[in-house]
Amino acid sequence: MATPLKQRVSEAAASLRGYEFGKPAADVAGFERLVAEAHQNPGLARQLRQELAGILRSDATLAAKQAACKQLWILGPGEALPAIVGLLDSKDPRLAEAAFLAVARTPSPEFDVALRNALTRLQGP
């Protein structure tokens with residue numbers, strides 16, 4: 001019997017949320033398979049974006065958030081855009097870079113404004 005889609009999404013998101021660099025790629029692979037399926041299923045794409053936005057807003061690992069941004073780059077940011085924008089103010093420049101890359105393929109006026117605002121708050125050399 002096939003696992004219901006909602007359960008597959010939930011399990012894949014849980015694996016992705018705990019992903020750490022150096023861990024088996026299986027933690028990310030389940031989500032990647034769902035993203036591939038989502039190209040034929042707009043409802044699934046929306047559900048995946050919601051899960052990815054949740055990961056970006058959570059206390060997930062750096063690796064998990066970077067992997068989530070990569071999946072959003074593939075899916076397109078859609079309704080996850082506010083969560084992506086939230087990473088621009090991260091104290092970790094790797095998260096800000098991941099956020100930028102997540103929307104690089106699908107420019108958005110909302111992201112452009114957020115990026116310009118974030119640039120005014122930059123500090124350092």
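## Contacts and overall fold

Let's start with how the chain meets itself: among contacts in the protein between residues at least 6 apart in sequence, 63% join residues at least 24 apart. Please keep in mind that this is a predicted model. Its secondary structure consists of seven helices and zero strands, so that the order of elements from the N terminus reads α-α-α-α-α-α-α.

As for overall dimensions, the C-alpha atoms fill a box of roughly 55 × 30 × 20 Å along the principal axes. The radius of gyration is 15 Å, which agrees with the value near 14 Å that a compact globule of 125 residues would have. Of the 125 residues in the protein, 43% are buried.

## Where H1 meets H2

On the H1 side, the residues taking part are Leu5, Arg8, Val9, Ala12, Ala13, Ser15 and Leu16, and they meet Asp27, Val28, Gly30, Phe31, Leu34 and Glu37 of H2. Sorted by class, this contact of H1 with H2 holds eight nonpolar, two polar and three charged residues.

## Where H4 meets H6

Now for a second pair. Helix H4 (residues 62–75) packs with helix H6 (residues 93–103) at an angle of about 15°, and their axes are 8 Å apart. An angle under 35 degrees counts as roughly parallel, and H4 and H6 are therefore roughly parallel to each other. Their crossing is left-handed.

H4 brings Leu62, Lys65, Gln66, Cys69, Leu72 and Trp73 to the contact, while H6 supplies Arg94, Leu95, Ala98, Ala99, Leu101 and Ala102. Nine of the residues in this contact of H4 with H6 are nonpolar, one is polar and two are charged.

## Gln71, a residue of H4

Is Gln71 buried or exposed? Gln71 lies in helix H4, and its relative accessibility is 1%. Because buried means under 20% relative accessible area, Gln71 counts as buried.

Which residues does Gln71 touch, not counting those up to four places away in sequence? They are Phe31, Glu32, Val35 and Leu52.

Definitions and conventions: Residues numbered from 1 in each chain as written. Predicted model: local features only at pLDDT ≥ 70, side-chain atom pairs only at ≥ 80, totals over all residues. Heavy atoms only, no water. Axes fitted to C-alpha atoms, helices over the stretch in contact; angles between N-to-C directions. Helix = DSSP H or I, 4+ residues; strand = E, 2+ residues; numbered from the N terminus. Parallel < 35°, antiparallel > 145°, perpendicular 65-115°, else oblique. Left-handed = near helix turned anticlockwise from the far one by under 90°. Contact = heavy atoms within 4.5 Å. Nonpolar A, V, L, I, M, F, W, Y, C, P; charged D, E, K, R; others polar. Rg over C-alpha atoms; globule rule 2.2 N^0.38 Å. Buried < 20%, exposed > 50% of the residue type's maximum accessible area, 1.4 Å probe, protein only.
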